[in-house]
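Here's a quick briefing on how this one is put together. Have a look at the model first, then read on.

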Amino acid sequence: MKALLKLIHFEIHRFRYILFGLMGLTALVQIGATVLIAIGDRMERLAEYANPEVVPGPVSVLEPLANNRGLYGFPVLICIVTLLLYVFLIWYREWFGKSTLIYRLLMLPMPRRNVYLAKLAALLVFIGSLLALQLVLLLVIRAVFNAIVPDEYLVAASLADMINTNEVFQILLPLSLEFFVLFYGMGITCVLVLFTAVLLERGRRPRGTFLAAAYAAGMTVLLVGTIVARAASLHEWLHLYAYEFTWILAGIWVIAAAFAVWLGFRALNRTVSV
Amino acid sequence: MIEVRDLRLRYFRKPVLKGVSFTMEKGQITCLAGLNGAGKSTVLKAIMGLVPLDGGSIRIDGTETALHLAGNRRDLNRFRVQHVSYIPDRLAMPPSMKLWEALRFMDDFYPGIWNGGKAKEMMTFFGLGERERIANLSKGNAAKFNLVLGLALDTPYVLMDEPFSGIDLFSREAIAEVFSNSWLEDRGVLITTHEIQEVEHLIDKMVMLKDGVVAMAFDSEEMRLAENKSIIDVMREVYRP
């Protein structure tokens, strides 16, 4: 266990600059946008105040969030794309480049599955850190906005309201536990499938490449198939209740995740090649 | 003793190893020779479980370690690493690390196997500064540091893949000196090299790979006494068309 924790620390340490960069970018864009919008609002209100014919309307932090979805969502999108690329890079960087660390990782005096688990845990820590930052940033955004806009025009907004105004936040920070488990469960399963595909591909060529392609294609058909089946309300045709069908589909995802882990461990132990 | 038996491996349908068998023993330096692409490095990687095999067996002090036969054993990596240290032909550490960080990494991840005192001794011997970054090391210094990382692991066997490859004369001399001092005493060494002349006088046993099989294996001293031939003489006979 101690060895695994050390390996997780090692993986996090290697990504720290990119992680801090993503955090910095997100904070800068979202807080910067809030400051600029809030100052604009303040000026507008003050100008309206000077004109006795116009009655300035109330405003809350929900308005900038709702009217500038792209601006607030942009850094989040950058984080998601970076993490998605890192799902591949976290493995491929060990094989390519000036030094091939995969030799060392496969020769550590511990079960090889620890390498897999450490990379997975590191990715989850990155996702968790960025989500935690986003939550904190929403509070900061509200505080900044409220500090700039004159109190007399301010309308209070809850954190839940803020999340609900922007689709990106709705997906990123689901307010119900059910959706949280669903979104992140699906996300983690996709990461596990990609990890396993990479490890199969890193087996002996050309067999490894064919195996990886076949596995990735099979999993894509299966997992995308479940989403299509759900969207097409296939349960009616199968004479099942909607909740029964949902449980069956969730079961398929859980089995796919377990199979990916088993196959990934097996590939690391038996077929992966430097 | 490490016993390699009937190793077979295909790469893109082309057979690379067609049944390689040999043994190496503690206290001896065994040289695995062969032309480029003969499969020397592959054999070393197979011993460390870094390439999957099509067949064959690898026994380390009597324990089977070939991936296709023992890959499910949870303690396989630990067992292998406790017995064999592999020094690949490149430095397997992140280039962004400083040397002291790499030494600390080894100390952290190889408890009970890593010998920090020996590493320090070797760093001084090679004149390596701990504050340097791996990315900034010259090829010669990278090869020396690679040796430090491999030889400071207290294992009965050491595998070295081309330790003299592409480095200057003085670095080669410094590395060659390692073979005649106490760091390799009583350890079984398996080395692949094209610079045979650097270590010829130290080699106890030669294993010559050709066309995916062991074309010839002999005790170098016996060969000298019985047939009055040096290792290079025999290599000429085996490899020259």
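**Where the chains meet**

In this predicted model, 30 residues of chain B are in contact with 25 residues of chain A (contact means C-beta atoms, placed from the backbone, within 7 Å). Local features need pLDDT of at least 70 and side-chain atom pairs count only at 80 or more, while totals for chains, interfaces and linings use all residues. Residues are numbered from 1 along each chain as its sequence is written, with chains lettered from A and ligands numbered from 1 in the order written.

**Chain B's side of the interface**
- α3(B) gives the most here, with four residues (helices are DSSP runs of H or I, at least four residues; strands are runs of E, at least two; both are numbered from the N terminus).

**Sheet in chain B**
- Six strands make an open, mixed sheet, ordered β6-β7-β8-β3-β9-β10 (strands pair if DSSP finds at least two bridges between them).
- At the edges sit β6 (84-87) and β10 (213-219) of chain B, each pairing on one side only.
- β3 (29-33) and β9 (205-210) of chain B run parallel over four bridges, and Leu32(B) has Val207(B) as its bridge partner in β9(B).

**Val43(B)**
- Beyond its neighbours within four places in sequence, Val43(B) is in contact with Val4(B), Leu7(B), Leu17(B), Val20(B) and Leu32(B).

Note on methods. Contact = placed C-beta atoms within 7 Å.
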